[in-house]
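Please have a look at the structure first.

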Amino acid sequence: MPLAYEVHEIVVSDPEAYAEYAKLAAPTVAAHGGRYIVRGGNGTAIAGEAPAARVVILEFPDRQTAVAWRASPEYQAALRIREAASTSRVFLVDGFQS
């Protein structure tokens, strides 16, 4: 199975609350076998428009694990904080498998 990547573009409206979300979310990612590949960053356009917001990319062992993490009660508690402190576009993509 290929690795799975959850890609986030996040516009933070409440930095203090978002910082609390980040502290709560990180251990849930690790507990589900995930890891941060990008967490913030300075998005620069090479072609098209640059990201208008913070970019976060998470790597999981597979798509099922990524979906299970996002649905987990632990992450859902953190997600409520993020949804109140930001708006986002989030999508899941499969990694390359040769």
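In the residue classes used here, Ala, Val, Leu, Ile, Met, Phe, Trp, Tyr, Cys and Pro are nonpolar, Asp, Glu, Lys and Arg are charged, and the others, Gly among them, are polar. This is a predicted model, where local features need pLDDT of at least 70, side-chain atom pairs count only at pLDDT 80 or more, and totals for chains, interfaces and linings use all residues. Residues are numbered from 1 along each chain as its sequence is written, and side-chain values use heavy atoms, with hydrogens and water left out.

**The cavity**

- The structure has one cavity of 30 Å³ or more (on a 1 Å grid over the protein atoms alone, a set of points where a 1.4 Å probe fits but cannot get out; lining residues have an atom within 4 Å of a point).
- The volume of the largest cavity is about 90 Å³, taken as the space filled by probe spheres set on the points, which are joined across faces, edges and corners.
- Its lining has 14 residues, with Ile10, Tyr18, Tyr21, Tyr36 and Val56 nearest the centre.
- By class, this lining has 10 nonpolar, one polar and three charged residues.
- α1 gives the largest share of the lining, four residues (helices are DSSP runs of H or I, at least four residues, and strands of E, at least two, numbered from the N terminus).

**The helix pair**

- Among the residues of α1 that meet α3 are Tyr18, Tyr21 and Leu24 (contact means heavy atoms within 4.5 Å).
- By class, the contact of α1 with α3 has 10 nonpolar, one polar and three charged residues.

Key: On a 1 Å grid over the protein atoms alone, a cavity is a set of points where a 1.4 Å probe fits but cannot get out, and a pocket is an open set with protein on both sides within 12 Å along at least five of seven lines; lining residues have an atom within 4 Å of a point.
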